[in-house]
Amino acid sequence: METEMTAVEGVAPPLTESFTLLLLAFFSSQMMNSKIAVTGKAKVEYFLDPTLVLESDSNDSALTPATRTPSKRKVDENDDSALFTSKHLFMPCSIVKEIEVDEDEKVEGEVPVLVKTSDGQLHKIRDKNQLTQLVAPDDYTGIPDVLHLPNVTEASLLHALRVRYKRDEIYTSAGPILMSVNPYKSITLPGGEDIYSDSRMLLYRNSTKGIAGMETPSKNSATDDKALPCHLFQVADRALNSLL
């Protein structure tokens, strides 16, 4: 009876100590998982450029053997081999702190920093001012047409391909041009249908018919139910319509 009277009067029962601790743990985990820091500043990330990586310092306590940059030499900015061999090519990274470098590596105007890529690897970058910042949300979502990226650069283009490839979206448009990344496996849709099935082919029939037959996926194609994903059938349909 006493409990019913308390509820009617709108007086909340006292919280137990265990329940209070549970609430504190919940809100703490929510803050840790949030991309917005306690200061209210959004997380800033940059594309890692391997040509900016400095020689790793084996005596640097900030770099553990498991996370130390593999390179033992200063990378020449004109050496393209660094771009072709780095597994961290244009991977998103965040700045950890500014660092001091050897006198022979110092260059006036440059600000060396320690960065951490999304896989936890640490790298010394010779100049943070030469890093290109990711633009949210387009650089994170992997949009179907890279010409709709806010900044069309080599880094943003390759990262868009990387994001889409991880989702088994092997086709990406650059206007009327179709780019394809070999998946080295069979790709099926969520329902189990093959992406090259006859029914899928029929969906793309006359899908590009219109002004000059040059329609390309819109910026919001990934979330637009009526838009068809980038596909080789799209190129075939456009070619056929241009002949008719």
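Tyr184 lies in the loop between strand 7 and helix 6, where helices (H or I, at least four residues) and strands (E, at least two) are DSSP runs numbered from the N terminus. Although Tyr184 is not a glycine, its phi is positive, at about 55°. With 72% relative accessibility, Tyr184 counts as exposed; the classes are buried for under 20% relative accessible area, exposed for over 50%, and partly exposed in between (1.4 Å probe, protein chains only).

The model is predicted: local features need pLDDT of at least 70, side-chain atom pairs count only at pLDDT 80 or more, and totals for chains, interfaces and linings use all residues. Residues are numbered from 1 along each chain as its sequence is written, and side-chain values use heavy atoms, with hydrogens and water left out.

**Backbone and burial**

A positive phi in a residue other than glycine is also found at Phe90, near 55°. Phe90 belongs to the loop between helix 3 (81-85) and strand 2 (92-98). The table sets out the accessibility of several residues.

| Residue | Relative accessibility | Class |
|---|---|---|
| Glu45 | 11% | buried |
| Phe90 | 7% | buried |
| Cys93 | 0% | buried |
| Tyr196 | 39% | partly exposed |
| Cys230 | 6% | buried |
| Phe233 | 16% | buried |

The chain has 244 residues, of which 34% are buried. There are zero disulfides, a disulfide being a pair of cysteine sulfur atoms within 2.5 Å. The peptide bond from Ala136 to Pro137 is cis, with omega near 0°. Pro137 sits in the loop between strand 5 and helix 4 (138-141).

**Sheet and hairpin**

Seven helices and seven strands make up the secondary structure. Along the sequence they follow the pattern α-α-β-α-β-β-β-β-α-α-β-β-α-α. Five strands form an open sheet with antiparallel pairing, in the order 4-3-2-1-5; two strands pair if DSSP finds at least two bridges between them. Strand 4 (122-125) and strand 5 (132-133) are at the edges with a single partner strand each, so one side of each has no neighbour in the sheet. Strand 1 (residues 46-47) runs antiparallel to strand 5 and is joined to it by two bridges. Phe47 has Thr132 in strand 5 as its bridge partner.

Glu45 is in the loop between helix 2 (17-33) and strand 1. Its C-alpha atom is 9.0 Å from that of Thr117, and the two residues are 72 residues apart along the chain.

Strand 6 and strand 7 pair in the antiparallel sense over four bridges. Within this pair, Thr172 stands opposite Met179 in strand 7. The hairpin has two residues between the strands, and Gly175 takes a positive phi near 70° there. In a regular strand, side chains alternate between the two faces of the sheet. Strand 6 (residues 171-174) is covered on both faces: Tyr171 and Ser173 are buried on one side, Thr172 and Ala174 on the other.

**Cavity**

The structure holds one cavity of 30 Å³ or more. On a 1 Å grid over the protein atoms alone, a cavity is a set of points where a 1.4 Å probe fits but cannot get out, and lining residues have an atom within 4 Å of a point. Grid points are joined across faces, edges and corners, and the volume is the space filled by probe spheres set on the points. The largest cavity contains about 50 Å³ of space. Its lining consists of Ser173, Gly175, Pro176, Ile177, Leu178, His231, Gln234, Val235 and Arg238. Strand 7 (177-180) and helix 7 (232-243) each contribute at least two lining residues. Helix 7 gives the largest share, three residues. By type, the lining has four nonpolar, four polar and one charged residue; Ala, Val, Leu, Ile, Met, Phe, Trp, Tyr, Cys and Pro count as nonpolar, Asp, Glu, Lys and Arg as charged, and the others, Gly among them, as polar.

**Aromatic pairs**

Two aromatic pairs are found in the whole structure. Rings of Phe, Tyr and Trp (its six-membered ring) pair if their centres lie within 6.5 Å; planes under 30 degrees apart count as stacked, over 60 as edge-to-face and the rest as tilted. The ring centres of Tyr196 and Phe233 are 6.3 Å apart with the planes at 90°, so this pair is edge-to-face. The pair links distant parts of the chain, 37 residues apart: Tyr196 is in the loop between strand 7 and helix 6 (198-203), Phe233 in helix 7. Tyr196, Tyr204 and Phe233 form one aromatic cluster.

Notes:
On a 1 Å grid over the protein atoms alone, a cavity is a set of points where a 1.4 Å probe fits but cannot get out, and a pocket is an open set with protein on both sides within 12 Å along at least five of seven lines; lining residues have an atom within 4 Å of a point.
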